[in-house]
Amino acid sequence: MTKKRQMKSAARLYAVQALFQMEHSSQTVEAVVTEFLDHRFGAVYDGDEMAEGDAALFRTLVDGAVNNQALVDQMTDRALVAKWPISRIDPTLRALFRAAGTELTQSDTPPKVVITEFVDIARAFFPEGRETSFVNAVLDHMAREARPEAF
C-alpha cells in the first residue's frame with residue numbers, strides 16, 4: 001500500500017473515531033479536529049506510532065459529516081432495513097456511515113474504493129461480527145443512490 005493510500009485510510013479511521021467522540025461529548029467540531037490533528041496523527045503511544053493521516057481528507061469527512069448530517073442520515077436510513085432507523089444502530093456504525101456517506105456525496109473517490117475502505121474499518125472495530133457484511137450492504141445501497149453513474 002502506498003504512503004498516500006495509507007494516509008487516506010488512516011484519515012477515514014480517524015474521522016469515524018472523531019465523529020463517535022463528538023456524539024459522546026459536548027466538544028465542538030473544531031475542538032475534536034484540533035485534538036486529532038495535534039495528538040493522534042503520527043503520535044506515539046507506549047512505543048506504538050499512530051498512523052500519519054491525510055489531514056485534508058480527515059477535515060473534509062468530519063466537517064462534511066457534521067454539515068450534511070441530515071442528508072447523509074436520511075440516505076443511510078433508506079439503505080437500512082425499515083425497522084432500524086440510524087438512531088437505533090451502534091454508535092460506531094453510525095459514525096462510520098456518516099463518514100462514508102460524506103465521502104460518497106462530497107468527493108470524487110470511486111464508490112467501490114469508499115466501500116472497501118469503510119468495510120475494512122468496520123472489520124477493525126468488529127473482527128468477530130456480522131457487521132462487515134451489513135456495512136458492505138448498506139454502503140453499496142448508499143453508493144448506488146449517491147453515484148448511480150459509477151455502477
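Mentor: A salt bridge is a side-chain nitrogen of Lys or Arg within 4 Å of a carboxyl oxygen of Asp or Glu. The model is predicted, so local features need pLDDT of at least 70 and side-chain atom pairs count only at pLDDT 80 or more, while totals for chains, interfaces and linings use all residues. Residues are numbered from 1 along each chain as its sequence is written, and side-chain values use heavy atoms, with hydrogens and water left out.

Side chains of opposite charge can pair when their charged atoms come close. The structure holds 13 salt bridges, and one of them joins Glu-23 to Arg-94, with their closest N and O atoms 2.5 Å apart. Because Glu-23 lies in helix H1 and Arg-94 in helix H5, this pair ties together parts that are 71 residues apart in sequence; helices (H or I, at least four residues) are DSSP runs numbered from the N terminus, as are strands (E, at least two). To describe the surroundings of such residues we use relative accessible area, where buried means under 20%, exposed means over 50% and partly exposed lies in between, with a 1.4 Å probe and protein chains only. By this scale Arg-94 is buried at 9%, whereas Glu-23 is partly exposed at 33%.

A second bridge stays within one helix. Arg-144 pairs with Asp-140, and their closest N and O atoms are 2.8 Å apart; because the two are four residues apart in helix H7, about one helical turn separates them. Arg-144 is partly exposed at 43%, and Asp-140 is partly exposed at 25%.

Arg-12 and Glu-103 are among the residues in contact (heavy atoms within 4.5 Å) with Phe-118, when its neighbours within four places in sequence are left aside. The others that Phe-118 contacts on this count include Val-16, Leu-61, Leu-96 and Leu-139.

In soluble globular proteins, nonpolar side chains tend to be buried together. A nonpolar core is a set of buried Ala, Val, Leu, Ile, Met, Phe, Trp, Tyr and Cys residues joined through side-chain atoms within 4.5 Å. The largest one here has 43 residues, and Phe-118 is among those with the most contacts inside it, as are Phe-58, Val-62, Leu-96, Phe-97, Leu-139 and Met-142. The elements that give two or more residues to this core are helices H1 (3-23), H2 (29-39), H3 (55-67), H4 (69-79), H5 (91-106), H6 (111-125) and H7 (131-146). Of these, H1 gives the most, with eight residues.

Ile-115 lies in helix H6 and is buried, with a relative accessible area of 7%. Apart from neighbours within four places in sequence, Ile-115 contacts Asn-136, Leu-139, Asp-140 and Ala-143.

A charged residue can also sit over an aromatic ring, which we count if NZ of Lys or CZ of Arg is within 6 Å of the ring centre and within 35 degrees of the ring normal. The charged end of Arg-40 sits over the ring of Phe-36, 4.1 Å from its centre, and Phe-36 is buried at 0%.

Finally, consider Asp-73, an acidic residue in helix H4. Asp-73 is buried at 11%, and touches Ile-86 and Arg-98 when residues up to four places away in sequence are not counted. Val-72, Met-75, Thr-76 and Ala-79 of H4 are buried along with Asp-73. They cover an arc of only 160 degrees around the axis, which puts them on the same side of H4; the arc is that of the directions from the helix axis to the C-beta atoms. What covers these buried residues of H4 includes H5 and H7.
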